[in-house]
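Open the model in a viewer and keep the selection panel at hand. The stops below say what to select and what is found there.

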Amino acid sequence: MKTMTMLEAALWYASMGYAVFPCSRRSKFPFGGSAGSHDATTDVERITAWWRSNPDANVAIATGSKSGLHVVDVDAQSSDVMPRLPTTWIARTRSGGWHYVYRYPEGVTSLPNSSKAAKIHKDCDTRGEGGYVLVYPSIVDIDKDKSATGTGRYEWTNHVDPVELPSWIVEELTPKPVVALPRATYAMQSTSWASKALDGETRAVAEQGEGGRNHRLNQAAFSLGQIVAGGHLSAGDVEVELMHAARACGLQDREAARTIRSGLNAGMKHPRSPRTELVAFKPDHFGGADIVVQFDDEPEVLSPLPPPRAPQSKSSDETRWGLLNSVRALGGLCDSYCAWVIRGADHPQPALTIASLLALGSVVAGRRLVYRRGLSSLYLVSLAGSAEGKNRPQSCLGRCIDEVWSDLQGPNSFSSGPAFIDTIRKATDGGNGTCLVLDEYGMQLAAMIGPRAATHRQDLKQSLTELSTKGVDKWSPALSLVKGGGKLELWAPCVTLLGSTTPESLHSVLTSTDVADGFVGRHLWFRSQDRLPIWQPPETRGDDGLPHDVRGALEAIHVRHSEWHMGSPSRKSEGGELDALRLYAPLTVSETPEAAAKLLEHKMQCDEERRDNKRLEIPRATLGRLPEFAARVSLVLATLSQPEEEIPTVTLEIVKVAIALVEESAVTFAESLAGNRRASWDDPAAQVDLVVSALRSHGGEATRTQILRACRRLTTQQITEALIRLADEGRLDQTKVLQGKAGGRPSDTYKLKE
């Protein structure tokens with residue numbers, strides 16, 4: 001190709017049907033105030049006017065439907081993906097990489113760009129609808145990009161017509177059907193209005209001129225945040241698309257990111273949904289009548305169904321869905337993983353999904369990442385009845401580990417002490433953590449902490465208690481857990497535990513454990529909904545395969561972990577001893593000042609509540625652990641929400657979500673403790689609970705005789721002591737009431753103060 005001026009090249013590309021637009025001189029970015037690829041055209045007069053005003057402007061071709069082209073950008077001089085790419089029109093980029101230019105196959109009109117979390121390969125991404133690429137004879141200054149190693153000029157290496165885009169790339173980039181995030185009271189089917197709203201809002205932002213760009217971006221983020229809260233868009237996808245639009249209209253990344261986050265958070269407080277056809281069902285409070293709402297593409301806020309008649313928990317189903325939306329709003333794996341779990345579940349469970357997510361984040365952070373306020377080790381309990389949806393979160397967690405990072409898988413039972421220790425040792429040698437996914441967890445807990453537990457099970461309980469607090473220290477398991485009874489020392493083991501159990505099987509565990517200093521108190525608790533979510537028919541569920549964005553994010557973390565471990569020195573120093581400090585020096589997660597201040601505020605609040613007994617419903621020992629739990633969850637959420645970062649940052653938004661999660665866990669644990677506590681000879685607290693229940697069954701006021709009849713399992717002395725304790729705590733009024741005719745014998749009457 002003979003040397004062309006920028007104008008000649010732009011007109012030549014336009015003559016072949018490729019829409020072009022100018023970028024700044026020696027830059028790959030559009031002129032400030034322009035709409036970038038949205039302005040691309042093949043109009044000769046407009047193109048001529050552009051380059052006559054700016055003769056040195058670089059030439060960019062808009063990809064997607066405007067030009068019928070899709071470009072694979074290989075960001076490496078050599079990559080194992082290149083043999084898989086058919087020979088086509090190829091350009092050498094200014095950094096030494098490659099642009100493979102393809103045309104769309106018949107029947108395909110456009111495909112999206114691949115994002116960082118959803119690349120077709122680790123060395124490349126693609127440019128599709130809304131994207132663009134610089135082309136010959138454009139030049140970009142190398143010194144402005146320290147990572148670049150090329151000449152700075154874009155050059156074609158051949159002169160052939162673009163061939164069809166490979167089918168495997170089309171399949172990877174074709175958007176999967178989006179299934180609406182179910183609410184606690186609806187079984188919703190996805191509609192097209194959400195994607196139309198996203199497309200319309202991003203186009204409006206990209207086309208906005210100077211003087212109102214930031215305001216328009218905030219409006220768009222607020223509107224789309226409402227739809228995200230309704231469960232019809234991914235918060236991560238919305239952020240990516242709005243950021244592209246903001247760049248197109250000339251906003252700086254930092255300013256745009258702040259505006260997008262603010263608008264999304266505000267909008268998510270006001271969920272918005274389309275008028276959707278509901279799956280016909282017969283709710284009790286509508287007298288068993290079929291409820292069907294006709295389909296309409298126009299947005300409308302659905303009126304909520306009446307709440308359950310007898311709520312079982314202070315932590316409502318609405319609160320649990322709100323927590324899940326808050327987690328998803330953090331982006332990254334927090335969004336993509338949760339969306340995958342929910343859309344494929346038969347009975348979607350928000351709290352159990354969060355538990356599975358935290359287990360995944362805890363184990364992938366492993367020992368590579370630590371936070372000065374807490375470690376990544378987490379023990380979690382999914383508390384749900386049979387067939388209430390706990391299998392789906394567990395299976396998704398297992399699939400992530402099996403298909404991406406199999407070294408993280410641990411045993412599924414505590415039955416063998418040596419096998420358990422061997423698994424921890426393998427994880428330690430590999431620089432990883434290990435994840436235990438345990439079903440029927442209540443039974444296993446009872447076998448470990450019960451009064452008749454075997455010696456090796458008691459040792460396991462003690463070992464797990466130590467492991468939850470000694471994530472970066474040396475650990476010596478008990479002799480009964482080591483093969484041959486020899487001494488074994490492991491350095492910085494990290495264990496994640498996700499157990500699931502029913503409330504019934506947890507009954508005996510909670511009545512025999514010491515909450516103040518026990519293994520059970522070191523768990524986070526997440527329970528299923530009070531009201532079982534409506535069943536999702538298989539045809540309305542999403543594809544059950546491991547999503548590309550989830551796989552890509554996990555693989556990116558895996559690669560960084562492997563590089564960190566492989567860069568460490570040998571396990572043995574010259575003296576033959578393990579140099580643990582050098583070998584396992586972890587990376588410390590950073591934090592913003594606002595996040596640190598919020599964690600400190602939460603700690604001070606918990607300390608005050610413990611000191612002044614302001615939250616009697618939650619054990620004081622549990623309150624004391626909440627600040628540490630909040631720090632650990634913050635570390636995990638930072639790892640998940642920022643999978644592309646080498647060292648993630650704990651932000652104020654992450655801390656707020658972490659505090660909300662641990663507070664929810666504390667309430668769930670306290671309610672499980674109270675609901676399963678059994679009155680016994682040596683359990684005064686349970687005796688008081690039984691007396692209070694008897695009073696409530698009589699409307700909060702009962703005579704002594706009525707209390708005696710309702711509490712037949714207690715002795716008269718136990719009932720008397722419980723009544724005295726309630727009176728001393730100021731929770732009970734005692735009066736004398738005459739029974740029968742005037743002059744009859746007075747009887748004691750007790751009334752609860754609530």
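**Paired strands**

Start by selecting strand 2 and strand 7 (residues 132-134), which pair in the antiparallel sense over three bridges. Strands here are DSSP runs (E) of at least two residues, helices are DSSP runs (H or I) of at least four residues, and both are numbered from the N terminus. Two strands count as paired if DSSP finds at least two bridges between them. Across this pairing, Ala 60 stands opposite Leu 134 in strand 7.

The model is predicted: local features need pLDDT of at least 70 and side-chain atom pairs count only at pLDDT 80 or more, whereas totals for chains, interfaces and linings use all residues. Residues are numbered from 1 along each chain as its sequence is written, and side-chain values use heavy atoms, with hydrogens and water left out.

The bridge partner of Val 20 in strand 2 is Ile 61. Colour strand 2 (residues 58-62) by accessibility: five of its five residues are buried, so the strand is largely enclosed by the rest of the structure. Buried means under 20% relative accessible area, exposed over 50%, and partly exposed in between, with a 1.4 Å probe and protein chains only. In a regular strand the side chains alternate between the two faces of the sheet. In strand 2 both faces are covered, with Asn 58, Ala 60 and Ala 62 buried on one side and Val 59 and Ile 61 on the other.

Next, select the open sheet with strand order 6-3-5-4-8, in which the pairing is antiparallel. Its edge strands, each pairing on one side only, are strand 6 (124-127) and strand 8 (155-156). Inside this sheet, strand 3 (residues 69-74) and strand 5 (residues 98-103) are joined in the antiparallel sense by six bridges. His 70 stands opposite Tyr 102 in strand 5.

**Aromatic rings**

Show the aromatic side chains; the structure holds eleven aromatic pairs. Tyr 18 and Trp 89 make a tilted pair, 6.0 Å centre to centre with 35° between the planes. This pair links distant parts of the chain, 71 residues apart: Tyr 18 is in the loop between helix 1 (6-15) and strand 1 (20-23), and Trp 89 is in strand 4 (residues 89-92). Tyr 18 is buried at a relative accessible area of 10%, and Trp 89 is buried at 4%.

Move to Tyr 100 and Tyr 102, whose ring centres are 6.5 Å apart with planes at 15°, so this pair is stacked. Rings of Phe, Tyr and Trp (its six-membered ring) pair if their centres lie within 6.5 Å; planes under 30 degrees apart count as stacked, over 60 as edge-to-face and the rest as tilted. Both Tyr 100 and Tyr 102 are buried.

Which residues make up one aromatic cluster? Select Trp 12, Tyr 13, Tyr 18, Trp 89 and Trp 156 to see it.

Two arginines come next. Arg 84 lies over the face of Trp 168, at 3.8 Å from the ring centre. The charged end of Arg 392 sits over the ring of Trp 340, 5.5 Å from its centre. For such a placement, NZ of Lys or CZ of Arg must be within 6 Å of the ring centre and within 35 degrees of the ring normal.

Select helix 5 (residues 213-229), which has 17 residues and reaches 24 Å from its first C-alpha to its last, close to the 24 Å expected at 1.5 Å a residue. The expected span is 1.5 Å times one less than the number of residues. Twelve of the 17 residues of helix 5 are buried, so the helix is largely enclosed by the rest of the structure. These buried residues pack against helix 4 (193-206), helix 6 (235-248), helix 7 (253-267) and helix 8 (317-328). Just after helix 5, Gly 231 takes a positive phi of about 90°.

Then go to helix 10 (residues 350-365), with 16 residues and a reach of 23 Å, close to the expected 22 Å. Helix 10 is mostly covered, as 16 of its 16 residues are buried.

**A buried aspartate**

Finish at Asp 335 in helix 9 (residues 333-343). Asp 335 is buried, with a relative accessible area of 2%. Leaving aside residues up to four places away in sequence, Asp 335 touches Ser 234, Ala 235, Gly 236, Asp 237 and Arg 328. Contact means heavy atoms within 4.5 Å.
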